Every structure is written in C-alpha cells, then in structure tokens.
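Please take a moment to look at the structure shown below before reading on, and keep it beside you while you follow the text.

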Amino acid sequence: MNPMLRLILAQGMLGLNNGVFYAMLSLGLAVIFGLLDVVNFAHGALYMSGAFLAIILYSYIGTWLGLSWLHIGFWAALVLVPLIVACFGMLFERFLLRWLYGLDPIYSLLLTFGAALVLQGIFINGFGASGTPYPGTPDQLQGIVNLGFMMFPKFRLFTIIFSILVCIGVWFLIERTRIGAVLRAGTENPDLVRAFGINVSRLITLTFGFGTGLAGLAGVLAAPIYSVTPLMGDDLIIIIFAIVVIGGMGSIMGAVVTSLGLGLLEGVVKVFYAPAANTVVFIAMVLVLLVRPSGLFGRQR
Amino acid sequence: MSTPLLQLRDLHAWYGESHILHGIDLECAEGQLITLLGRNGAGRTTTLRAIMGMVDRRTGSIQLHGDEFIDKPTHRIAPLGRIGYCPEERGIFSKLTVGENLMLPPMVGPGGMGLEEIFTMFPNLRDVRNRMGTRLSGGEQQMLAMARILRTGARLLLLDEITEGLAPVIVKVLGEAIRSLKQKGYTIVLVEQNFHFAAPLANRHYVIEHGRVIDTFSAEALGANMDRLNQYLSV
Ligand SMILES: Nc1ncnc2c1ncn2[C@@H]1O[C@H](COP(=O)(O)OP(=O)(O)OP(=O)(O)O)[C@@H](O)[C@H]1O
Ligand SMILES: [Mg+2]
C-alpha cells in the first residue's frame, strides 16, 4: 500500500477515535441544550468524573468498604457510572438549575461553570493534578488487531464501534420513538405539552440526567485510553462547544456527524501539517458560521 | 339542578403583572355547547388558558364535576378533568410528523375516537401522516389540532377560534364535526368570532369584555337580542 495513504488511514483511525468521544459528549450537550436551553458548562467535568468513578470502582471502593478483594471492573462500570453521573445530574437539575429557568441564561451558565470548578476541585484534592492510570481494562479488549493498514489497539476499536452504536441508539430514541416525540414537542412548546397532561418538569429532569449520563459513559470509555486527570474535561469541552456550534445548537444529527467529521479532519490534517491539527476545528467553525450562521444542521431562528 | 360540568366563579388571571381576567363567572352543563363572544383582547383566550393553568397566576374557582381545579398543576388538569384543549394558534409541532402530532397527547379517559373515526370526520388527514406538522395547510392544521384531542378520550373540549382565517369549505367540515361531537354528548366551550358559525350550534352565549362577563343569552333569546349583541361586538 502507498505509504502516504497508509499514514492518512492510520491518522484517520486515531482521529475517528477522538471523534467518537466528541460525538458522545456533544450529543449530551445537544440533548440538554435542545430541551432546557441551558449550555451545560459542567459537561467536561462530568466526563472527567465518569473516568474517575471508573477508577474508584476498580481500585478504591473495595478498600473503602473494607473488602480489599473487591474490584468493580470495566463492564460493570460501563453500566454503573453513567447511572451514578445521571443521578448526580438529576439532583443538580432538580435542586439548583431549576430555579434559574426563565432568567438570563448567564445565570445557568455561571452555575454549571461553578459546578465544573467544584468537581475539578474535589478530584484534584483526592487524586492530585497529574494522571491516574486505569488498571481495569478487561482481558478481552487487551492487545491489538491488524486492520491491514495498521495495528490498532483492540480497546480503541471497541470504543469506536460502541460509541457509534450509542449515537445511533440515541438518535433513534429521539427522532423515531414516542418518548422522543414528546421531547421534541417539549423543546418547541412546553406550555402546550404540559396542558396535554405531560409532566414537563419531570421530563426536563430525566433529560438532564440522560445527557449527563452520556458524559459519564464517555468518561468510562476514556479512562483506559487517555490519561485521567481532573482537567481532562477542560481540554475537550472547548472543542465540543465548537462542534455543537458547527453542527447547529441542539441538533442531534448535527452533533454526531460534525464530531465524526471533525475527528477525521483533525487526524488527516495531522499528516500534512501537525501544528494545525488543534486549530482546524476552530477554522471550520469560522467558515461554517460565515456561510450558515445557525450551523450545518440547525434551523434558522 | 345538578352540578354543571364546568363552573367558573370569580376567576381572575394574570400574565406577569398584567391583570387580565377580573372575575369571570360562567357555567356549562354536560353535553351543552357554550360560546365566548367578545371583541379582540376581551379575554376569551385567557379564560381558556386560565382553565388549563397556562397563565402566570389565577384566583377564584374552577370546578369540574364539582371538584376544585384552581390549585391543580397544569399537567394534572387535562387528565383529571378529561379536557381537550385546542389553542388559538393551533399549536401544531413543526418538529413532529402529522402522525406524531396526532399521537402526542396522552389518553385522559376511555372512549377516545379511533383513527378510522377521526379520518372519517377529517378525510384530509388520512393521506398526510408522514408529513411534518407545519407542512400542512391552515385548514389541515386546524383539523389535526382537533383530531389529536378527540383521540384522548376527553369529554370537555375547549376550542379557541377554530374557524379563524379558513376557507368556507373547511369551515363547513368543522361545523359538521362540531355538530356530530355535540350529538355524541361532548361538552364544548367555543371561542368564536364567526358568529354565524357558532349561533346554530350553541345552547348559550357569553359576552366577555375587559375580562368580565358583561352579558349572556340563551340560544332561544338570541333572536330578540341581536341588536344588543351586534353592539357588543362592533368595533
Ligand atoms: N402573554 C401575555 N402577556 C401579557 N398580556 C397578554 C398576554 N396574552 C394576552 N395578553 C393580553 O390579555 C388581554 C386578553 O387577551 P386574550 O388573548 O384573552 O383576548 P381574546 O379575547 O382571546 O382576543 P383575540 O384572540 O381576538 O385577540 C389582551 O389585552 C392581551 O393584550
Ligand atoms: Mg383569543
């Protein structure tokens, strides 16, 4: 195979791997923004918390409970952590965020930003600012596979496939099911949906929980790959915001497609001019906004 | 006399600081149709919205089957009162298909209309199920807004200006629909500008001005009072 092509494909795979993380995170942000009109600045910190919770479940919880043999592994974490993070999200929405609806959006923005700082503070205190390794990668996902053009870590391949399935599932849930129809109606005219007899407040709490749960899920998937630090969400969240803006605020399809596309683009740009890889997202954002101010998949408001 | 199905007593309502309803009193017996007439801005829409809990604040009494609803949260009102509400702006959801719009409101009681019955009443809806809601004509949207509350088993229908801006053929279909609903025993509160549409259907007319009921006529007394009514409604 042409070595150049091989390089592009290899970087493309790594880019795609980043892209699926963008997708999982921007998906949650888009779902939350669509229904609540809240820009959740804590999203990156919730992702980070998800990664740390996976570590805690594996390495610490046993000791804390006095059961030193207990290691709650990756597969269990994949279920438990999103639930824990979702519960945290729902409590946060129910008891704090709820009071700010109808006020200037700057209040909810500051609240979620503050929550991010608090979460980061907690984990810096507990684990320090440097990276903590996740030792719980399951045996089935250890090792590498030969993709023909490169040797690719099995676990990364798993995250790509798993995340894409999650994205398709979420898209289906929101665009093709009755629950999704109620959600979409709620984003459009919550007062009327309420008058039809649907408890929109509860729907909002559940949706916020769902969006934050997705961030937690992304955190678990990230723990074995990226270095787990209290600031890991910070680096990512800026890119995620750019993606949500490019895709069109609140658009599920836009968030997913843009994430995967930009992940790939970053990877390919790395081949040709590595220093530009980190800025290409923002260049894309500027270009898209010049042509389509409401984003690729957004509706003109 | 038995208790009326719907009874409003001294109903006040506010949007923010604006005090819009200043003590509405009216009632509607089961199976009857009443109209709320009045000039633009009189407070007829607000009366329906106050019943549904869609105002910022409301006081007084709203009784349905003798139960008090004034303090009920909005999402409990339709199911507990078996109410179907058709808003003035129709409220068709643009992000939902016609089919999804139709199936959106949850059931509020037994005996809702089946799809076949609905399509017989509104034939225009039969072939457009997969279109997006707002891709329909105004008349089709109005039929959809009616159809989706008939599915739910609601027995009290609050209908706000359902003929507004529609072609005569559509108005005729809607008139037929209301007539057949009345025959089926539905209780209906109709807000209308189109007096000729409303007059032959109603048992009683309420004239509203500045958030109060300023007069009421029974259907029989209407002929004798046409002059007065025209005066109320003239601009
Ligand atoms: N959301 C709102 N905020 C503040 N005031 C409102 C609001 N909606 C309506 N009003 C005011 O309340 C009054 C009554 O309005 P309402 O919509 O009930 O009138 P109406 O009788 O239905 O008339 P029409 O539909 O013909 O305009 C009007 O003066 C209107 O300006
Ligand atoms: Mg009105």
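This is a predicted model: local features need pLDDT of at least 70, side-chain atom pairs count only at pLDDT 80 or more; totals for chains, interfaces and linings use all residues.

Residues are numbered from 1 along each chain as its sequence is written, chains are lettered from A and ligands numbered from 1 in the order in which they are written, and side-chain values use heavy atoms, with hydrogens and water left out.

Which residues coordinate the magnesium ion (ligand 2)? The ion is held by Thr45(B), through OG1, and by Glu88(B), through OE, at 1.9 to 2.5 Å; donors here are N, O and S atoms within 2.8 Å of the metal (3.2 Å for Na, K and Ca), and because water is not among the atoms, sites may look incomplete. Thr45(B) belongs to helix α1 (residues 44–51) of chain B, whereas Glu88(B) sits in the loop between β6 (83–86) and α3 (98–103) of chain B, so the pair ties together parts that are 43 residues apart in sequence. Helices (H or I, at least four residues) and strands (E, at least two) are DSSP runs, numbered from the N terminus. Glu88(B) has a relative accessibility of 27% and is therefore partly exposed, given that buried means under 20% relative accessible area, exposed over 50%, and partly exposed in between (1.4 Å probe, protein chains only).

Oxygen atoms of ligand 1 take part in polar contacts, that is, pairs of N or O atoms within 3.5 Å: one lies 2.8 Å from a backbone N or O atom of Gly41(B), one is 2.9 Å from a polar backbone atom of Gly43(B), and one is 2.8 Å from an N or O atom in the side chain of Arg44(B).

On a 1 Å grid over the protein atoms alone, a cavity is a set of points where a 1.4 Å probe fits but cannot get out, and a pocket is an open set with protein on both sides within 12 Å along at least five of seven lines; lining residues have an atom within 4 Å of a point. The structure holds three cavities of 30 Å³ or more, and the largest cavity contains about 50 Å³ of space. Its lining includes Ala195(A) and Phe196(A) as well as Tyr85(B) and Pro105(B), and β6(B) contributes the most, with three residues.

The second largest pocket has a volume of about 470 Å³, and of the 23 residues that line it, Leu36(A), Asp37(A), Val38(A), Tyr101(A) and Gly102(A) lie nearest its centre.

Finally, two histidines deserve a look. His65(B), in the loop between β4 (57–64) and β5 (67–68) of chain B, has a positive phi of about 50° although it is not a glycine, and is partly exposed at a relative accessible area of 47%. His210(B), in the loop between β9 (204–209) and β10 (212–218) of chain B, likewise has a positive phi, near 45°, and is exposed, with a relative accessible area of 59%.

Note on methods
Grid points are joined across faces, edges and corners, and a volume is the space filled by probe spheres set on the points. A polar contact is a pair of N or O atoms within 3.5 Å; within protein, one must be able to donate a hydrogen and the other to accept it, and residues adjacent in sequence count only if both atoms are side-chain atoms.
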